[in-house]
Amino acid sequence: MVESFSDTAVARLVRSRGRVLGAPEREREAATVAVVAALESGLLRQAARSPDVRREVPLHLTLPDGTRAEGSADLAYLDEDDFGESAWVVVDFKTDLEEGAKDEYLTQIALYADAVSAATGLPADGSLLGL
């Protein structure tokens with residue numbers, strides 16, 4: 001992950017990848033706006049400074065009733081507070097958060113954070129990032 005970028009560089013990359021995928025111009029423009037907004041978010045800026053960043057993290061958690069929850073977090077990174085305490089931040093990207101977080105997304109990200117905490121032995125918080 002890079003600490004700095006330019007809108008022009010993002011637009012060039014999106015245009016190139018968009019052509020390969022056959023995406024229409026309006027989709028490429030929307031993708032450019034979404035990527036720039038995501039890169040400017042505090043969450044991704046924090047992740048850029050992290051010593052441990054994971055992408056597309058497969059997660060598994062057995063719930064108290066024996067149900068097995070599985071999923072894939074878009075991003076997880078280790079964050080250290082001012083006192084030297086480490087915790088994981090688990091981020092899930094969503095494209096439909098305009099009206100606010102849906103209950104199912106809040107449940108999903110809470111389960112993802114629980115799975116990361118169970119796997120690492122460290123606390124974990126979940127965040128949704130609207131694109």
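In strand E4, Ser127 is the bridge partner of Val91. This is a predicted model: local features need pLDDT of at least 70, side-chain atom pairs count only at pLDDT 80 or more, and totals for chains, interfaces and linings use all residues. Residues are numbered from 1 along each chain as its sequence is written, and side-chain values use heavy atoms, with hydrogens and water left out.

Some terms come next. Strands (E, at least two residues) and helices (H or I, at least four) are DSSP runs, numbered from the N terminus. Two strands pair if DSSP finds at least two bridges between them. Strands of a sheet pair through backbone hydrogen bonds, either parallel or antiparallel.

Here, four strands form an open sheet in the order E1-E2-E3-E4, with mixed pairing. E1 (53–62) and E4 are the edge strands, each pairing on one side only. From one strand to the next, the twist averages 45°. Angles run from 0 to 180 degrees between N-to-C directions, and axes are lines fitted to C-alpha atoms, for helices over the stretch in contact.

Two of the pairings look like this:

E2 and E3 form a hairpin, with five residues between them. In the turn, Gly84 has a positive phi of about 85°.

H3 (residues 42–49) lies across E1, E2, E3 and E4. H3 runs at about 70° to E2. Contact means heavy atoms within 4.5 Å.
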